[in-house]
Amino acid sequence: MSANPAHAAGTLAGTDIQNIASATFDTAGGPVTIQSNTVVIKVDELLDVTVASTDPGDVTTSPGATGNVQTFRITNTGNGDEAFGLTANVANGGDDFDPTLQQIVIDTNNNGVFDAGVDTVYTSGVNDPVIAPDQSVTVFVITTTPAGVVDTNRANVSLNAVARTGTGTPGTSFAGAGQGGGNAVVGSTTAQATANGFLAVRATSVVLLKSATILDPFGGNRPVPGAVVTYSLVATVSGTGTMNNLVITDPIPVGSQYQTGTITLEAAALTDAADADAGAFTGTSITVAAGNVPAGQTRTVTFRVLIP
């Protein structure tokens, strides 16, 4: 007899547990030992599974975003190799919106990161993941966010795994269906499990406020020929998250002349050339690349024109 390695779910399904008893007795010719028949017990397969979300928190999304990736881990806590059917539910109650399911994807290269074109798109009944005892498979649920959602909305997305051999109340038995030829017996998880993960909308909006101050040749603020007008453009970002690649553009007003080298961003001077800094004068307008601006912050651009 050989020892079997210990597993969380116990002895591996299909293992034969053999036992032979013996008896000894004395005879005139000396002690005699006899053996009983061999009793063989084949270990049944226990059907158990757990599912867990492995995202550290809500997965950030935005209105109309495609390719949201939520990550789940399915663990076979039974004692035999088992195939599991997968379903995702994007219409759970009690949340703010329902995303659209794009696909369920199996982490083929086992790196824990969704790799489009590398990882395998799941098709129910075709490539159900077969998981060994005490082993796990990472699965990605890919969704699209509706365009009409607003900042701070949340969506509950769940993944369900079901043992293909069968499910039911704990103790339910499927004769001869276990790995190795024994029975398959439903464990405490009912041979299916579900985990939830959340999408959270992080949306930003921007308000652009423009103002002008005038300095005339006489020290006053009248818009007469020779006066210099300083325009100030203040972009205020609200919501949550970050507004990416904010660019502020303003055409030079007809009846005025741009004053060379007067563009600033946050009071820092910018060049007119389309070079490494954020500012540029195109000949008809000024453009400033304000970059990524977190919600709650502002970016201020100024430039000057002359009234000829």
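Relative accessible area sorts residues into buried (under 20%), exposed (over 50%) and partly exposed (in between), with a 1.4 Å probe and protein chains only as cover. The model is predicted, so local features need pLDDT of at least 70 and side-chain atom pairs count only at pLDDT 80 or more, while totals for chains, interfaces and linings use all residues. Residues are numbered from 1 along each chain as its sequence is written, and side-chain values use heavy atoms, with hydrogens and water left out.

**View A. A nonpolar surface patch that includes Val39.** Val39 belongs to strand S4, residues 39–42, and counts as partly exposed because its relative accessibility is 44%.

**View B. Strand S10 and its pairing with S13 and S11.** Strands are DSSP runs of E with at least two residues, numbered from the N terminus, and two of them pair if DSSP finds at least two bridges between them. S10 (residues 100–106) and S13 (residues 136–144) are antiparallel over 6 bridges, with Gln103 partnered by Ile142 of S13. S10 is also joined by 2 bridges to the antiparallel S11, residues 120–121, where Val105 stands opposite Val121.

**View C. An open sheet of mixed pairing.** Its 3 strands follow the order S5-S16-S15. S5 (45–47) and S15 (173–174) are the edge strands, each with a single partner strand, so one side of each has no neighbour in the sheet. S5 runs parallel to S16 (residues 184–186) over 3 bridges, and Leu46 has Val185 of S16 as its bridge partner.

Definitions and conventions
Helix = DSSP H or I, 4+ residues; strand = E, 2+ residues; numbered from the N terminus. Patch = residues over 30% accessible without salt bridge, like charges linked within 9 Å, V, L, I, M, F, W, Y side chains within 5 Å. Areas by Shrake-Rupley, 256 points an atom, 1.4 Å probe, with all protein chains shown as cover. Salt bridge = Lys/Arg side-chain N within 4 Å of Asp/Glu carboxyl O.
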